[in-house]
Amino acid sequence: MTLDNISLPIGIPLDRFIKKKQDDFPYASGELSQLLRDIALASKIVQMEIARSGLNGIEGAFGVTNAQGEEQQKLDVIAHRHFIDAFTKGGEICAIISEEEEDIIDINPQGKYIVAIDPLDGSSNIDVNVSIGTIFSIYRRVSPVGETASKKDVLQPGNKQVAAGYVLYGSSCMLVYTTGRNVNGFTYEPVLGEFFLSHKEIQTPDGGNYYSVNEGAYRSFSPEMKSYIEHCKGKEMSARYIGSLVADFHRNLLKGGIYVYPDTQRYPQGKLRLTFECNALAFIIEQAGGLAFNGQKRIMDIVPDDFHQRVPLYVGSKQLVNEALRFVKTDTQKALN
Ligand code: P6P
């Protein structure tokens, strides 16, 4: 029984877990710990809003399109505002970039951290009671404390993340995050209003039987991607695609599988956003022993040109991602690595 098992047992409240793990940080001034608590707080409020959305008239479209040109759902906007509010009150953050906002949201020039967030991913599923999620990445600012955040702060590659995670609003509400030392999952107990450690040091299986792709776009896939899909069918893998990235990712993380959103005619660069979705999941999957690529290179090595940029995503079990890359990687990239 390691010390961690003694001091960090299953069932420990999130707050106590954060405090005990704080000494993992050479910079442990407690600000990152407080930031994680802020995220947990906002997640509890968003979970409550989602649970009641069918009763309090906040389902449906908000009537505005976001920076992605997507029609915002009312809960998209509500979730966005709850996280911004929590970060503003917390004070640890210099600035935020959100999928729901075109520009950088300046919070506190004295803040040391930058947050990239997709406040509520899977919007198309909100009104039909299917799992949805929040995805976040935390970076240390690169500009001097005291100044307003710069583009440099928000265009960092994923390998500069100091923490990343997601909240899954599903049959139970879970917060799963990493600070670069393992991945841990916390289940929310709504009566007590607390997250408790339920999935300790998650490791994803090297292989698996699930593949998650929207095959409705099959005709617009590249020939290489079509060959890969035929390969999955030939192996009689199980197709599982919920249309909520966090839900598909979480199942594959625990059971083994691969999620792919490739370049298509509608999304020539892929649909998913590098800074708001892919980097956080890439950090988590690598900490859990898996891989995340854009089809050619490691997701976390991509330096963003624009914090709204989209990339193709191949993420999941190591053996499955490597197998997919053998189909879609160009000969040049194969020669490089
Ligand atoms: P499609 C939701 O909008 C999302 O960003 C992910 O959560 C999900 O996996 C994907 O897009 C679904 O996209 O084109 O298959 O409907």
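How many salt bridges does a search of the whole structure find? The search gives 11, where a salt bridge is a side-chain nitrogen of Lys or Arg within 4 Å of a carboxyl oxygen of Asp or Glu.

## Ground rules

This is a predicted model, in which local features need pLDDT of at least 70 and side-chain atom pairs count only at pLDDT 80 or more, while totals for chains, interfaces and linings use all residues. Residues are numbered from 1 along each chain as its sequence is written, and side-chain values use heavy atoms, with hydrogens and water left out.

Let's start with the overall layout. The protein chain is assigned domain 1 (14-199) and domain 2 (210-335), with bounds that come from an automatic or database domain assignment. Their C-alpha centres lie 23 Å apart. Across the boundary, 50 residues of domain 1 are in contact with 33 residues of domain 2, contact meaning heavy atoms within 4.5 Å. The two domains bury about 2,900 Å² between them, 61% of it on carbon and sulfur atoms; buried area here is the accessible area (1.4 Å probe) that two parts lose on being put together, summed over both.

The rule finds 1 salt bridge across this interface: the side chains of Glu99 and Arg273 meet at 3.2 Å, N to O. S7 gives the largest share, 8 residues. By class, the domain 1 side has 22 nonpolar, 19 polar and 9 charged residues. In this scheme Ala, Val, Leu, Ile, Met, Phe, Trp, Tyr, Cys and Pro count as nonpolar, Asp, Glu, Lys and Arg as charged, and the others, Gly among them, as polar.

## The eight-stranded sheet

An open sheet of 8 strands runs in the order S4-S3-S5-S6-S7-S8-S9-S10, with mixed pairing. Strand S4 (105-106) and strand S10 (194-199) stand at the edges with a single partner strand each, so one side of each has no neighbour in the sheet. Helices (H or I, at least four residues) and strands (E, at least two) are DSSP runs numbered from the N terminus, and two strands pair if DSSP finds at least two bridges between them.

Strand S9 (residues 183-189) pairs with S10 in the antiparallel sense over 5 bridges. Gly185 stands opposite His199 in S10.

Strand S11 (residues 210-212) and strand S13 (residues 257-261) run parallel, joined by 3 bridges, and Ser212 has Tyr259 in S13 as its bridge partner.

Ser220 sits in the loop between S11 and helix H6 (223-234). Leaving aside neighbours within four places in sequence, Ser220 is in contact with Asp263, Thr264 and Gln265. A polar atom of the Ser220 side chain lies 3.4 Å from the backbone nitrogen of Gln265.

## A salt bridge along a helix

The side chains of Asp85 and Lys89 also meet in a salt bridge (2.9 Å, N to O). These residues, Asp85 and Lys89, are 4 residues apart in helix H4 (residues 74-90), which means that about one helical turn separates them.

Definitions and conventions: Polar contact = N/O pair within 3.5 Å; in protein donor to acceptor, adjacent residues only side chain to side chain.
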